[in-house]
Amino acid sequence: QPGQLYEWNGHGRMISHVVIDTNAQRARFYDGPEQIGWTTIASGVSSHPTPRGEFEIIEKVKHKRSNLYGRIYDASGELHKRNAHARRDPIPEGGKFVGARMPHFMRMTYDGIGMHAGAIPRPGQPASHGCIRLPDEIASNLFAHVDLGTRITVVGDGPDYGDYAERIRRQRIQESRQQTARANADRQTTSRLAASDSSQ
């Protein structure tokens with residue numbers, strides 16, 4: 001239908017794979033090989049492009065606010081700056097920074113990229129600082145029907161992150177092995193000290 005922004009035919013089925021095309025500004029949702037939904041998105045503008053590559057959902061936060069982008073209010077609660085950057089824009093004395101709402105946040109990278117509900121002011125055109133904005137209804141549906149580890153493929157002209165999900169998995173395995181080695185070393189040290197004490 002002309003003007004339609006999304007379609008969801010999941011009917012409670014879990015999503016196994018999401019494919020995001022930042023050039024077409026569209027995401028497609030799959031249960032196995034079957035596409036069960038699609039949506040118009042708003043990905044990163046040219047100065048903050050959404051990366052392409054293979055990702056997976058590494059965190060889900062239902063009520064999230066950005067720690068980088070938002071608004072600054074003065075001491076009396078009046079809006080001081082609308083499109084503020086927490087690390088670059090000064091906060092007036094007594095004022096505060098309020099991060100932009102990012103409901104139903106599904107993290108894809110540890111440098112802040114994820115999918116979440118947000119404004120799509122010009123359908124078909126990028127509009128974000130790198131995240132993938134989704135219509136509210138789609139974001140809440142997707143949030144409820146994906147798990148940690150759900151695969152996300154991003155194609156388009158953004159910077160190439162390669163197989164980001166695999167790198168994160170390898171990093172976690174390495175960290176786990178290091179923790180185990182440290183724990184074993186600590187146990188051996190404790191045992192040696194106990195043996196030394198008992199022999200005196």
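Modeller: Here is a walk through the charged pairs, then the rings, and finally one lysine that brings both topics together.

This is a predicted model, so local features need pLDDT of at least 70 and side-chain atom pairs count only at pLDDT 80 or more, while totals for chains, interfaces and linings use all residues. Residues are numbered from 1 along each chain as its sequence is written, and side-chain values use heavy atoms, leaving out hydrogens and water.

Let us begin with charge. Side chains of opposite charge can pair when their charged atoms come close. Lys and Arg count as positive, Asp and Glu as negative, and His and the chain ends are not counted. A salt bridge is a side-chain nitrogen of Lys or Arg within 4 Å of a carboxyl oxygen of Asp or Glu. The structure holds 8 salt bridges.

One of them joins Arg13 and Glu34, whose closest N and O atoms are 2.7 Å apart. This pair links distant parts of the chain, 21 residues apart: Arg13 is in the loop between strand S1 (6–8) and strand S2 (17–21), and Glu34 is in strand S4 (residues 34–40). The names come from DSSP runs, numbered from the N terminus: helices are H or I runs of at least four residues, and strands are E runs of at least two.

Another salt bridge brings together Asp160 and Arg52, at 3.8 Å from N to O. This pair, too, links distant parts of the chain, with Asp160 in strand S14 and Arg52 in strand S5, 108 residues apart. Arg52 is partly exposed, at 29% relative accessibility.

Now look at helix H2 (residues 164–199). Arg169 and Glu166 both lie in this helix, 3 residues apart, or about one turn. Their side chains meet in a salt bridge of 3.0 Å, N to O. Arg169 is partly exposed at 34% relative accessibility, and Glu166 is partly exposed at 27%. Salt bridges with shared partners join Glu56, Glu166, Arg169 and Arg170 into one network.

Next come the rings. A pair of aromatic rings is described by the distance of the centres and the angle of the planes. Rings of Phe, Tyr and Trp (its six-membered ring) pair if their centres lie within 6.5 Å; planes under 30 degrees apart count as stacked, over 60 as edge-to-face and the rest as tilted. By this rule there are 4 aromatic pairs. Phe55 and Tyr161 form a tilted one, 6.1 Å centre to centre with 50° between the planes. It links distant parts of the chain: Phe55 in strand S5 (residues 52–56) and Tyr161 in strand S14 (residues 160–163), 106 residues apart. Phe55 is buried, with a relative accessible area of 2%, whereas Tyr161 is partly exposed, at 22%. Phe55 and Tyr161 also form one aromatic cluster with Tyr164.

A charge can meet a ring as well. A charge sits over a ring if NZ of Lys or CZ of Arg is within 6 Å of the ring centre and within 35 degrees of the ring normal. Arg26, for example, lies over the face of Trp38, 3.9 Å from the ring centre.

Lys64 is buried yet has no salt bridge, and the nearest side chain of opposite charge, Glu59, is 5.5 Å away. The charged end of Lys64 does sit over the ring of Phe105, 5.2 Å from its centre. Contact means heavy atoms within 4.5 Å. Leaving aside neighbours within four places in sequence, Lys64 is in contact with Ala100, Arg101, Met102, Pro103, Phe105 and Arg107.

Conventions: Buried < 20%, exposed > 50% of the residue type's maximum accessible area, 1.4 Å probe, protein only.
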